[in-house]
Amino acid sequence: MAKHVLVTGGGGYIGSHACKALRAAGYVPVTYDSFVTGWCDAVRFGPLEEGDLADRARLDAVFAKWQPVAVMHFAALSLVGESMQDPGKYWRANVISSLNLIEAACAAGCLDFVFSSTCATYGDQDGVVLDETTPQRPINAYGGSKRAIEDMLRDFGLSHGLRSVIFRYFNVAGSDPEGEVGEFHRPETHLIPLMLDAIDGKRPALTVFGSDYPTPDGTCIRDYVHVCDLVDAHVLGLQWLEAGKGSEVFCLGTGQGFSVREVIAQSRAVTNREVPIVEGARRPGDAAMLVSGSTKATRVLGWTPKRADLSTMIADAWRWHQSGHYER
Ligand code: UDP
């Protein structure tokens, strides 16, 4: 019998790559998406149920129709800068919607839950090696909202037997090397796609957000992980839950940090083009450095990132960038 997995945000950047990986692993991904930030064109690997997580009756109907063995919950607002300007939007869209989803899953008896969390839950911890045991002290509403959802999952674990695998992502980059899906946001706010826009003249320049951070070159340092590697970990997390191994938290990064200037230099090398830049002010809510110090996903899940070089991520993103984008 087909094993359905309910994928919220299956029309988004990471969710669409997860659907492809799930299908390759023998599951049927059922996308649940409102298309507020996702794309119909990105739903290619299984059925689509259009709907909003705020709509509990719709969620109940979808659980009843597909009887999923698990939920993978990607749907969320995820922009640090926006979350600082409009925190209410983040608490409502992320926390209240997730509560609805968790309650619907528990009511339907669908008790295996894979959750897309973030290293933004750690905040700005100068010099601390970040891993699953690091205390979470978010400095923006996005990180705060994700930490709250992690807390809810633990509470429903105790009360309803919900089993969760929580993945705290570092900076997700790259695109499907086969070009079926890719990174595309509107508006775009992420470093690598904005830089590629600046390289091919779609934007006048990339603004570097702050060059006075306490880092060697003054720009923020991030740990970039390839989206295909990231979603492979999700399939392993799902299999972990299916094997009855219980709730866990994993950081997903490569453990290597790159400054904004280093990402720019690598992009120049990969594309063989100049990157027009202007120096700008810091973006509120940005931590100076976020780099994973964890090997737990590799040790425990057997996760082996295959596209861990930043140049591979940029090359895959560049290929996708040049091939076009979604219409809707
Ligand atoms: N960044 C930048 N200019 C931009 C977009 C991002 O300098 O136009 C910086 C940002 O300050 C951060 C890093 O690039 O240090 C990665 O930002 P992104 O928005 O891609 O991901 P985030 O770290 O916010 O999840």
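Welcome to a predicted model, in which local features need pLDDT of at least 70, side-chain atom pairs count only at pLDDT 80 or more, and totals for chains, interfaces and linings use all residues. Residues are numbered from 1 along each chain as its sequence is written.

**View 1. Around the ligand.** Of the 15 residues around the ligand, V80, H190, L191, F209 and C220 come nearest (near: C-beta atom, placed from the backbone, within 6 Å). Two elements, helix 6 (191-199) and strand 8 (206-209), each give two or more residues to this shell; helices (H or I, at least four residues) and strands (E, at least two) are DSSP runs, numbered from the N terminus. Strand 8 provides the largest share, 4 residues.

**View 2. Helix 8 and its buried face.** Here V260, V263, I264, Q266 and S267 are buried (20 or more other C-beta atoms within 10 Å of the residue's own, C-beta atoms being placed from the backbone). Seen down the axis of helix 8, these buried residues fall within an arc of 165°, so they line one face; the arc is that of the directions from the helix axis to the C-beta atoms.

**View 3. Helix 10 from end to end.** The 14 residues of helix 10 reach 20 Å from first C-alpha to last, close to the 20 Å expected at 1.5 Å a residue (1.5 Å times one less than the number of residues). Its buried residues include L310, M313, W318 and H321. Just after helix 10 comes G324, with a positive phi of about 115°.

Definitions and conventions
A residue is buried if 20 or more other C-beta atoms lie within 10 Å of its own, exposed if 12 or fewer, and partly exposed in between; C-beta atoms are placed from the backbone.
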